[in-house]
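Colleague: Hey, I've never looked at this one before. Can you walk me through it?

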Amino acid sequence: MLDETAIITRPKTATRRSEIPPIITALKPYRRLAYIEQPGTIEGGDVLRIGRKLYVGLSSRTNKAGIDQLHAFVADFGYSIETVEVKHCLHLKTAVTQVAENMLLINRDWVNATAFSDMELIDVEPSEPFGGNALLVNQTIIYPLIYPKTLERLRDHQLKVKPVAFSELAKAEAGLTCCSLIFTA
């Protein structure tokens with residue numbers, strides 16, 4: 001979701017493609033739509049927007065053809081793209097998410113932190129490797145209770161955090177960002 005357009009992704013797994021029609025119906029009244037087409041694959045969990053920059057995870061779910069199509073859609077709107085290789089998890093936002101204006105929560109074992117050298121980084125607690133997925137809404141971080149040590153690290157940085165129960169979806173490597181589509185109409 002961008003201010004100017006919405007990109008309709010093309011998930012790699014066919015079972016996830018049934019999610020597309022209801023998303024199109026929901027977004028069509030609010031944004032001009034662009035569509036990722038075969039052979040491109042891209043999933044929203046691999047796109048981290050920070051201002052006018054899109055960090056896009058090259059992962060098991062998002063390929064170079066999908067990233068190239070995304071770049072073609074957003075370049076005219078002044079967005080830049082930085083490809084970030086993802087390892088040991090499904091999506092970029094499993095490993096890194098924004099928690100404040102210039103601050104990220106990150107698992108450095110799953111993504112190369114040098115891509116984010118201009119940001120302040122908060123490392124997830126090593127015993128909570130899936131703790132990198134936080135949902136920033138305005139100035140509040142919605143964060144899973146199942147990662148209490150990383151939650152304390154966020155609070156130690158004086159960030160406003162709203163803890164939520166999220167254990168069942170987390171079993172499938174789902175994160176709060178996976179279950180949310182936040183935009184201003």
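This is a predicted model: local features need pLDDT of at least 70, side-chain atom pairs count only at pLDDT 80 or more; totals for chains, interfaces and linings use all residues.

Colleague: Okay. How many helices and strands are in the protein?

Modeller: You'll find 5 helices and 11 strands.

Colleague: How much of it is buried?

Modeller: Buried residues make up 46% of the 185. As for contacts with a separation of 6 or more, 57% of them come from residues 24 or more positions apart.

Colleague: Let's do sheets. What order do β3, β4 and β5 come in?

Modeller: The order is β3-β4-β5, an open sheet of 3 strands with mixed pairing. At the edges sit β3 (47–50) and β5 (80–85), each pairing on one side only. On average, neighbouring strands here are turned by 25° against each other, ignoring direction.

Colleague: Which helix packs on that sheet?

Modeller: Helix α2, residues 64–74. Helix α2 touches β3, β4 and β5, and its direction makes about 170° with that of β4.

Colleague: Zoom in on β3 and β4 for me. Do they run parallel or antiparallel?

Modeller: Antiparallel, with 4 bridges joining β3 to β4 (residues 53–58). Together the two strands form a hairpin that has 2 residues between them.

Colleague: What about the residue in the turn with a positive phi, which one is that?

Modeller: That's Gly51, with a phi of about 65°.

Colleague: And who is the bridge partner of Ile50 in β4?

Modeller: Lys53 is the partner of Ile50. Further along the pair, Leu48 stands opposite Tyr55 of β4.

Colleague: What does Arg52 lie over?

Modeller: Arg52 lies over the face of Tyr79, at 4.0 Å from the ring centre.

Colleague: While we're on rings, how many aromatic pairs does the structure hold?

Modeller: There are 4 aromatic pairs.

Colleague: Switching over: what's the story with β6, β7 and β8?

Modeller: Those 3 strands make an open sheet in the order β6-β7-β8, and the pairing is mixed. Its edge strands are β6 (96–100) and β8 (120–123), each of which pairs on one side only. Neighbouring strands in this sheet are turned by 35° against each other on average, direction ignored.

Colleague: How many bridges join β6 to β7?

Modeller: 4 bridges, and the two strands run antiparallel, with β7 covering residues 103–106. One of the residue pairs is Ala100 with its bridge partner Met103 in β7.

Colleague: Which helix lies across that sheet?

Modeller: Helix α4, residues 148–156, lies across β6, β7 and β8 and runs at about 150° to β8.

Colleague: Last topic, Arg32. Where does Arg32 lie, and is it buried or exposed?

Modeller: Arg32 lies in strand β2, residues 32–35. Its relative accessible area is 54%, which is over the 50% cut-off, so Arg32 counts as exposed.

Colleague: What is Arg32 in contact with, apart from its sequence neighbours?

Modeller: Leaving aside neighbours within four places in sequence, Arg32 is in contact with Glu4, Thr5, Ala6 and Phe77.

Colleague: And how far apart are Arg32 and Val137?

Modeller: They are 23 Å apart in space, C-alpha to C-alpha, and 105 residues apart in sequence.

Notes
Residues are numbered from 1 along each chain as its sequence is written. Side-chain values use heavy atoms; hydrogens and water are left out. Buried means under 20% relative accessible area, exposed over 50%, partly exposed in between (1.4 Å probe, protein chains only). Contact means heavy atoms within 4.5 Å. Two strands pair if DSSP finds at least two bridges between them. Axes are lines fitted to C-alpha atoms, for helices over the stretch in contact, and angles run from 0 to 180 degrees between N-to-C directions. Rings of Phe, Tyr and Trp (its six-membered ring) pair if their centres lie within 6.5 Å; planes under 30 degrees apart count as stacked, over 60 as edge-to-face and the rest as tilted. A charge sits over a ring if NZ of Lys or CZ of Arg is within 6 Å of the ring centre and within 35 degrees of the ring normal.
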